[in-house]
Amino acid sequence: MLEVRELSHSYGAKEVLHDIDLNVKEGQILAVMGSSGGGKTTLLKCMSGLLVPTRGEVLVDGISVRKQPELARMSLGLVFQYAALFDYLNVRENILFGVERRRRLSAREKDDIVAEMLAAVSLDESVATQMPDSLSGGMRKRVGLARALAMQPKVLLYDEPTSGLDPITAFSIDRLIVDTRDRLGVTSIVVSHDVNSVFRVADRVAFLDAGRLAFVGSRDEFETARVSGIDELVEKARAKNFSYIVREIPDQK
Ligand SMILES: Nc1ncnc2c1ncn2[C@@H]1O[C@H](COP(=O)(O)OP(=O)(O)OP(=O)(O)O)[C@@H](O)[C@H]1O
Ligand SMILES: [Mg+2]
C-alpha cells in the first residue's frame with residue numbers, strides 16, 4: 001500500500017535520510033521510532049509529499065508521490081504533531097477545510113460530514129462550534145484526526161500523536177488510532193518516541209538511527225532486537241514500572 005524506495009534526503013549538504021526502503025501493507029500500523037533528530041519527521045514529510053526527497057520514491061497504492069502528487073495526496077491524510085488546527089476557525093470549519101476545497105458541498109452534506117467525523121473521534125456534536133484554543137490537548141488531537149479523516153484517506157500519517165499528553169489521554173489516542181484502523185482499514189504510519197504507545201498500537205516497528213533504517217520487524221522482534229538504541233529504549237520503558245509495556249489499552253475515553 002505504501003512503499004518507500006531507496007529514499008535519501010539532504011537539507012543542503014547535510015544528509016538526514018540515507019537509502020530507506022520500507023513497505024507497509026494495507027491496514028497495517030507501522031510505528032517509526034528513532035533518536036531525536038534521526039529523520040522521522042523528514043521521512044513523514046517525504047511520504048506525504050510535503051517534501052520532495054533528494055533521491056528515491058514514495059508510492060501510495062502504486063502511485064508515485066513525486067510524479068503524481070495531487071493524485072497520491074488524495075489517498076494521504078496527515079495528523080500533525082500539535083494538531084495544527086487553524087486557530088481562527090472553529091472546529092466545524094477546521095474539519096471542513098480540506099473537503100470544501102476538494103468539492104462543492106451542500107449545507108446538508110457539510111452537517112453530515114461534521115457530525116460523522118466528530119462521532120468517529122468520539123467528540124460531542126457541541127464541540128463543532130468551539131474554537132481550538134478552548135479545547136484540551138487531547139481534544140485538539142481528536143479534531144486534527146477528524147479533519148484528516150474527512151478527506152477519506154487510505155493512508156494516515158501521524159507525527160507524535162501522543163506527545164505532550166498525560167498518560168490517560170495518551171491511552172485514549174492510542175485506542176483511537178487502533179479503532180480507526182479497525183473500522184476503516186486505513187494503513188497507518190505513526191511516528192513516536194513513546195515505546196509504550198508503540199507497543200499498544202503497532203503491528204510493525206521501524207527504527208531510524210542517524211538517518212539509516214537500523215531495524216524493521218514485528219513488535220515482538222522489536223522488543224528483543226539486539227540493535228544499539230533499541231535495547232536501551234525497551235529497557236527504559238521496563239524501568240518505568242507504571243507503564244511497562246502495557247499491551248492492553250484501558251477501556252476509557
Ligand atoms: N528544514 C530543515 N532544514 C535544515 N535541517 C533540517 C530541517 N528540518 C530538519 N532538519 C535537520 O534534519 C535532521 C532530522 O530532522 P527531523 O525533524 O526529521 O528529525 P526527527 O527524528 O523528527 O527528530 P525529533 O525526534 O526531534 O522530532 C535534524 O538534524 C534536523 O535538525
Ligand atoms: Mg520529529
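Visitor: In which helix is glutamate 100 found?

Guide: Glutamate 100 sits in helix α3, which covers residues 91-102. Please keep in mind that this is a predicted model.

Visitor: How far apart are the C-alpha atoms of glutamate 100 and glutamate 57?

Guide: Those two C-alpha atoms are separated by 30 Å, and the two glutamates are 43 residues apart along the chain.

Visitor: Which side chains place a polar atom by an oxygen atom of ligand 1?

Guide: Lysine 40 has a polar side-chain atom 2.7 Å from an oxygen atom of the ligand. For threonine 41, a polar side-chain atom lies 2.8 Å from an oxygen atom of ligand 1. Tyrosine 11 has a polar side-chain atom 3.4 Å from a nitrogen atom of the ligand. As for cover, ligand 1 has 630 Å² of accessible area on its own, and the protein covers 58% of that.

Visitor: How many residues of α1 are buried?

Guide: First, the general idea: an α-helix has 3.6 residues a turn, so residues three or four places apart point the same way. In this structure, 7 of the 9 residues of α1 are buried, and the helix is mostly covered. The buried ones are Lys40, Thr42, Leu43, Leu44, Cys46, Met47 and Ser48. Just after α1 comes glycine 49, with a positive phi of about 85°.

Visitor: Which residues have a positive phi although they are not glycine?

Guide: One of them is serine 122, with a phi of about 55°. Serine 122 belongs to the loop between α4 (107-120) and α5, and its relative accessible area of 32% makes it partly exposed. Alanine 210 is another case, with a positive phi of about 45°. Alanine 210 is in the loop between β9 (204-209) and β10 (212-218), and with a relative accessible area of 61% this alanine is exposed.

Visitor: Is aspartate 174 buried or exposed?

Guide: Aspartate 174 is buried, at 0% relative accessible area. You can find aspartate 174 in helix α6, residues 167-184. The aspartate 174 side chain makes a polar contact with the side chain of arginine 200, at 2.6 Å.

Visitor: How many residues does the largest nonpolar core have?

Guide: That core has 52 residues, and those with the most contacts inside it are Met33, Ile95, Leu145, Leu156, Phe222 and Ile230. Helix α5 (residues 137-150) gives the most to this core, with 6 residues.

Visitor: Why does this core lie between domain 1 and domain 2?

Guide: Look at where its residues come from. Domain 1 (1-75 + 155-253) and domain 2 (86-152) both give residues to this core, so the core lies between them.

Notes. Residues are numbered from 1 along each chain as its sequence is written. Chains are lettered from A and ligands numbered from 1 in the order in which they are written. This is a predicted model: local features need pLDDT of at least 70, side-chain atom pairs count only at pLDDT 80 or more; totals for chains, interfaces and linings use all residues. Side-chain values use heavy atoms; hydrogens and water are left out. A polar contact is a pair of N or O atoms within 3.5 Å; within protein, one must be able to donate a hydrogen and the other to accept it, and residues adjacent in sequence count only if both atoms are side-chain atoms. Accessible areas come from the Shrake-Rupley method with a 1.4 Å probe; for residues, only the protein chains shown count as cover. A nonpolar core is a set of buried Ala, Val, Leu, Ile, Met, Phe, Trp, Tyr and Cys residues joined through side-chain atoms within 4.5 Å. Buried means under 20% relative accessible area, exposed over 50%, partly exposed in between (1.4 Å probe, protein chains only). Helices (H or I, at least four residues) and strands (E, at least two) are DSSP runs, numbered from the N terminus. Domain bounds come from an automatic or database domain assignment.
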